[in-house]
Amino acid sequence: MTLTHPALQAGLAALQPAVRPDASGRFGPFGGQYVPETLMPALAELERAAAEAWADPAFTTRLNHLLKTYVGRATPLYEAERLTAHYARPEGGPRIWLKREDLNHTGAHKINNALGQALLALRMGKRRIIAETGAGQHGVATATVCARFGLDCVIYMGAEDMRRQALNVFRMRLLGARVEPVTAGSATLKDATSEAIRDWVTNVESTHYILGSVAGPHPYPMLVRDFHAVIGQEAKAQCAEAFGGLPDVLIACVGGGSNAMGLFHAFVPDTSVRLIGVEAAGEGVASGRHAATITEGRVGVLHGAMSLLLQDAEGQVQEAHSISAGLDYPGVGPEHSYLRQIGRAEYAAVTDDQALDALRRVSELEGIIPALETAHAFAALEWLCPQLAPGTEVVLNLSGRGDKDVNTVAERLGGRLA
Amino acid sequence: MPAAASTSMIQQRFQRLQAEGRCALMPFLVAGDPDLATTKATLLALEANGADLIELGIPYSDPLADGPVIQAAAGRALAAGTTPAAVLAMLAELKGQLSLPVVLFTYTNPLLNRGMEAFCAAAAAAGAAGLVVPDLPLEEAEKLSAIAAAHGLDLVLLVAPTTPPERMARIHGASRGFTYLVSVTGVTGVRTAMETRVAPLVAQLQAQGGTPVAVGFGISGPDQAQQVKGWGADGAIVGSALVKRMAEAQAQGADVAAAAGRFCAELRQGLDR
């Protein structure tokens, strides 16, 4: 694939919200709608419904009210003093702030999008909801809002992920959702997403698909980003209040990339703000067992969008590997591929072991057990902080809490914790 | 309709069938399931037993438009090491033995991985007559259609029961060789009943003129093939039902190509009843 597109030549000038994505659902060359024809009318309907909803004060008022009273927003911007002290050098060091999405109802950022899309489904008159889930956080968030609004809910989840995230499976069932195990392929998020899309192709006229990341066919990358953009909007105001300016660095983990896009979006035009996404390097990028899509992937099409993709020489999609079920995905949202390509955002990868070390460090220093996904962002502080000038203001998106991961962590660290 | 510079292999085949008042029988199989030698023998058996065109699936790791039967077949083919290049090489070996047009069914990613131009050149050199790309909608198809046409390949587009009339007309107008009418709201698979709302769509598309209309997804046997013919379709595509018979024959240690040939003959009889 050649990657020439008018928006690329235009560079940062193209980075206006109105042109991300463009009318054809593209972020530069990335994005688009590579789906069976059966779904095309539903995607058009969804795009129309979202545009109408955002322009309707009744919708935004209800969304904002529920974000406040049901989800618990605004989430705090917390100064991580002991983590800051940990990275301080004799001459000083960066100051680390945590955007506390882990304090949301259901324990992660995922509910921002699930709530917004459930309200959209109600507007469209669709009362059956399907979703895919990896770590189970999006599944729990979706099951939660379906219970709240009395919607039928089916969650597709890889059988391997169901084993890793048994607690979240039980939570979804408590909330009245049906959890469908997916055994195809690697039995993880990629396969669960494929199965959810197949369900949607079959039941599209009665069903809304609450896709859980900034991935999939247009309008999903835009739709999901816009429901999570509240993260960055709040952070911007909170930074102004806390230290009277913009942050210098934003950092977030990236699987499909929803929490990172949510944090980044409001800051994309502020080019003084460095945007860093952290992927999962699994057992190490060189091992071939990783989920570092942006670091190692090539341009391809998965789940309806053109983006970077882990694939073999024949164009077969490869299985991703990460200790974190939520990052265990061979694709990435198309807007991330675009931000990387135009040089607006940078991406790094950290291994399972580095993430586990970070999880322990944050638990011990701050009294916060982060999700394994989020632990990847914390792990990147190890190489980032020594490079940052004293007084650099760093905001890390604490995308979720780690209760769901305690079993996995105990399996890996058990002996050493005793 | 823009006038075609020359009549394609697929057009010629449909013109002949229409002149004879027959409905085209188009079996689908996954190349390399369980191996390419079997696929080769099966292609010949299908032609010998009344197939008019063949849709040959290139196995892909993430077949979004396919139900469990074809997913499993693609999994077996990939496990056997089947690559797009090997599929084309097998097809090229059949030149002179296989006279019916072969339409390659491939998902977008393996095609883009090779590059549209290189893929079309290789497909044409191997003797393919056309392409079906189930996850490449009209909006993305224009460029590929032009490249395919330059290599003498027809890019066949799909319409679904959910496609609005205006859009259906645009797809039908842009499709080459034939228009693939998806007969169910859903993925490929064997079904006991067809969606009756699809029946009038055949006539609506044909009234617009242009390319023939072939119906596929969900045709499970001779009776449903005959039903599709009754709707006035120019062709009937049978995939999962055939792939399932082949898998059963394989599991029983029977001759897969012969089993495929027998099922094809039954379908032929159903269509010619």
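Biologist: Is B:Arg268 buried or exposed?
Modeller: This is a predicted model. Buried means under 20% relative accessible area. B:Arg268 has a relative accessible area of 8%, so B:Arg268 is buried.

Biologist: And how does B:Asp272 count, by relative accessibility?
Modeller: The cut-offs are under 20% for buried and over 50% for exposed. B:Asp272 comes out at 39% relative accessibility. That value lies in between, so B:Asp272 counts as partly exposed.

Biologist: What joins the side chains of B:Arg268 and B:Asp272?
Modeller: Side chains of opposite charge can pair when their charged atoms come close. B:Arg268 and B:Asp272 both lie in helix α12 of chain B, 4 residues apart, about one turn of the helix. Their N to O distance is 3.0 Å, and the cut-off is 4 Å. The two side chains meet in a salt bridge.

Biologist: Which residues are linked with B:Arg268 and B:Asp272 in a network of salt bridges?
Modeller: The network includes B:Arg268 and B:Asp272.

Biologist: What is the mean pLDDT of chain B?
Modeller: In chain B, 98% of the residues reach a pLDDT of 70 or more. For the complex, the predictor gives an ipTM of 0.95 and a pTM of 0.94. The mean pLDDT of chain B is 94.

Biologist: Turn to chain A. Which residue forms a salt bridge with A:Arg164 at 2.9 Å?
Modeller: The partner sits in the loop between β12 (305-309) and α14 (334-341) of chain A, 164 residues from A:Arg164. Both residues of this pair are buried. The partner is A:Asp328.

Biologist: Is A:Leu174 buried or exposed?
Modeller: A:Leu174 lies in helix α8 (residues 166-174) of chain A. With A:Phe170 and A:Leu175, A:Leu174 makes a nonpolar surface patch of about 310 Å². The relative accessibility of A:Leu174 is 64%. The cut-off is over 50%, so A:Leu174 counts as exposed.

Conventions: Residues are numbered from 1 along each chain as its sequence is written. Chains are lettered from A and ligands numbered from 1 in the order in which they are written. This is a predicted model: local features need pLDDT of at least 70, side-chain atom pairs count only at pLDDT 80 or more; totals for chains, interfaces and linings use all residues. Side-chain values use heavy atoms; hydrogens and water are left out. Helices (H or I, at least four residues) and strands (E, at least two) are DSSP runs, numbered from the N terminus. Buried means under 20% relative accessible area, exposed over 50%, partly exposed in between (1.4 Å probe, protein chains only). pLDDT is the predictor's confidence in each residue, from 0 to 100. Patches are made of residues with over 30% relative accessible area and no salt bridge: like charges are joined within 9 Å, nonpolar side chains (Val, Leu, Ile, Met, Phe, Trp, Tyr) within 5 Å. Accessible areas come from the Shrake-Rupley method with a 1.4 Å probe; for residues, only the protein chains shown count as cover.
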